[in-house]
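Subject: Structure for you to look at

Hello,

Here is the structure I promised to pass on. Please open it next to this message, and then read on for what was found in it.

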Amino acid sequence: MKRILSGHPWIYDNEIKSVSPDVNDGDIVDIFDWRNKFVGKGYFNSKSRIRIRILTRTDTEIDRSFFEAKLRGILRRKREYRNGSFRLIHSEGDGIPGLIVDKYSNFLVIQVNTLGMMKLKPMVVDVLVDLLNPRGIYEKSDSSSLKKEGVKEEKGWIYLDGPSLIPFEYEGIKFFADVEKGQKTGFFLDQRENALMLRKYAESKRCLDVFSYHANFAMNILKGGAIHVELVETSKRANDNVELMMKINNFKNFKIIDENAFDYLRKLDREKEKYDIVVLDPPAFAKSNSNKEDALRGYKEINLRAMKILRNGGILATSSCSQVVKREEFEGMLKSAAKDVKKKLILLHRGGQPPDHTILLNVDETEYLKFYIFKVVDLGF
Ligand SMILES: C[S@@+](CC[C@H](N)C(=O)[O-])C[C@H]1O[C@@H](n2cnc3c(N)ncnc32)[C@H](O)[C@@H]1O
């Protein structure tokens, strides 16, 4: 209860004493504490361990004007991004649990992750149309969490129409969000500022972008004046899209390697290849606490190899998007890898997700991305 009263929006199955018999899955419910004091309103699902996700702490109707007020508040807070491409709604972080909305140029892509939000979707979409006047809205509700909630996936254009590859620009680079067949909502907007930051280290460098997806890091590095970038990625579709984006941006000094990153890094190490910059941005290796140890072993393997193939004084940009892997654990893994290969890690930047991917410090689950830039130096140097 302390957690809930201090701002966390989830109520677990074992925290509920009783539920009124007329409540159905997906319904909005009033929540009362043990003294029968009103706590808030949220939506309910008996199929989920998270039985209730709180939408408000005040006794207001959850209607169109509720969502309009919420969205106006979010737009005010994120106004610096308003005309660009950014995460408009970051689920619990922005007070709308179970909903992600990314804006690419003038198009919106929405991802619903819960039954309760699926029921509220028509109202929210109506407000999005009114306040943002988008050229189209694509729904990409296909996450594994939605399946766990007992809801079928829903995909397709739900407002007007648009291209399968949505073009958008960020800091002078033309990208595509592959909304229909790509990963997540079509692009990883969470790394855009980190990739931009790496640009300033790229002049005349030989680089390796591992787990490259839509070449966010690779193209930023090329824009920063790198002499060559190799991209390692196993998604054929992403690699085809990258060929197209490189052409449109007139970048020529790149090579796409369609190989398993673990094998390729090992091969580079064996062959004693050296790079000036190595980027690691793997998928979430840990989905839950149960496989965290395996995940940390995976992170260590790739980070250790990356440190070995960097020339003395080279740059390592390394990330983890596993929510369950905490910053201290990730940094512990990095220290251990550096010790094994006898390197010093000089910290140039310690960061994470940009402010549009809103973090609530009292809601752990809203923070997932860890990102670091290090200068990697031989221990004896
Ligand atoms: C988090 S995404 C990378 C995002 C990208 N760096 C960006 O900023 O847009 C992870 C990528 O790794 C790819 N991937 C997953 N396992 C891989 C493996 N073993 N070898 C190479 N690529 C892999 C996925 O297809 C996915 O595109």
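**An enclosed helix**

Helix α6 (residues 216–223) is largely enclosed by the rest of the structure, because seven of its eight residues are buried. Buried means under 20% relative accessible area, exposed means over 50%, and partly exposed lies in between (1.4 Å probe, protein chains only). The buried residues in α6 are N216, F217, A218, M219, N220, I221 and L222. Just after α6, G225 takes a positive phi of about 100°. Helices (H or I, at least four residues) and strands (E, at least two) are DSSP runs, numbered from the N terminus.

Before you go further, please keep in mind that this is a predicted model: local features need pLDDT of at least 70, side-chain atom pairs count only at pLDDT 80 or more, and totals for chains, interfaces and linings use all residues. Residues are numbered from 1 along each chain as its sequence is written, and side-chain values use heavy atoms, with hydrogens and water left out.

**Salt bridges**

The structure holds 37 salt bridges, each defined as a side-chain nitrogen of Lys or Arg within 4 Å of a carboxyl oxygen of Asp or Glu. Here are some to look up.

One of them joins E15 and R3, whose closest N and O atoms are 2.7 Å apart. This pair links distant parts of the chain: E15 is in the loop between β1 (10–12) and β2, while R3 is in helix α1, and the two are 12 residues apart. E15 counts as partly exposed because its relative accessibility is 33%, and R3 counts as partly exposed at 27%.

Another salt bridge is formed by K140 and D142, with 3.7 Å between the closest N and O atoms. Is K140 buried or exposed? K140 counts as buried, because its relative accessibility is 2%.

In helix α8 (residues 261–270) you will find both R266 and D263, three residues apart, about one turn of the helix. Their side chains meet in a salt bridge of 3.0 Å, N to O. R266 is partly exposed, with a relative accessible area of 32%, and D263 is partly exposed as well, at 42%. Both belong to a network of salt bridges that links D263, R266, D269, E301, R305 and K308.

**A pocket and a surface patch**

Next, have a look at the second largest pocket, which has a volume of about 480 Å³. It is lined by 19 residues, and those closest to its centre are I16, K17, S18, I31 and F32. On a 1 Å grid over the protein atoms alone, a pocket is an open set of points where a 1.4 Å probe fits, with protein on both sides within 12 Å along at least five of seven lines; lining residues have an atom within 4 Å of a point. The volume is the space filled by probe spheres set on the points, which are joined across faces, edges and corners.

Which element gives the largest share of this pocket's lining? Strand β2 (residues 28–32) does, with four residues. By class, the lining has 12 nonpolar, three polar and four charged residues. Here Ala, Val, Leu, Ile, Met, Phe, Trp, Tyr, Cys and Pro count as nonpolar, Asp, Glu, Lys and Arg as charged, and the others, Gly among them, as polar.

On the surface, M1, L5 and W34 form a nonpolar patch with about 350 Å² of accessible area together. Patches are made of residues with over 30% relative accessible area and no salt bridge, and nonpolar side chains (Val, Leu, Ile, Met, Phe, Trp, Tyr) are joined within 5 Å. Accessible areas come from the Shrake-Rupley method with a 1.4 Å probe. L5 lies in helix α1 (residues 2–5) and counts as partly exposed at 48% relative accessibility.

L316 sits in strand β16 (residues 310–320) and counts as buried, because its relative accessibility is 0%. L316 and K375 are 59 residues apart along the chain, with 6.4 Å between their C-alpha atoms. N312 is also placed in β16. From N312 to T60 the separation is 252 residues in sequence and 60 Å in space, C-alpha to C-alpha.

Finally, N250 has a positive phi of about 65° although it is not a glycine. N250 is in the loop between α7 (236–248) and β14 (254–257) and is exposed, with a relative accessible area of 54%. K342, in the loop between α10 (327–340) and β17 (343–352), has a positive phi near 55°.

Best wishes

Key:
Patches are made of residues with over 30% relative accessible area and no salt bridge: like charges are joined within 9 Å, nonpolar side chains (Val, Leu, Ile, Met, Phe, Trp, Tyr) within 5 Å.
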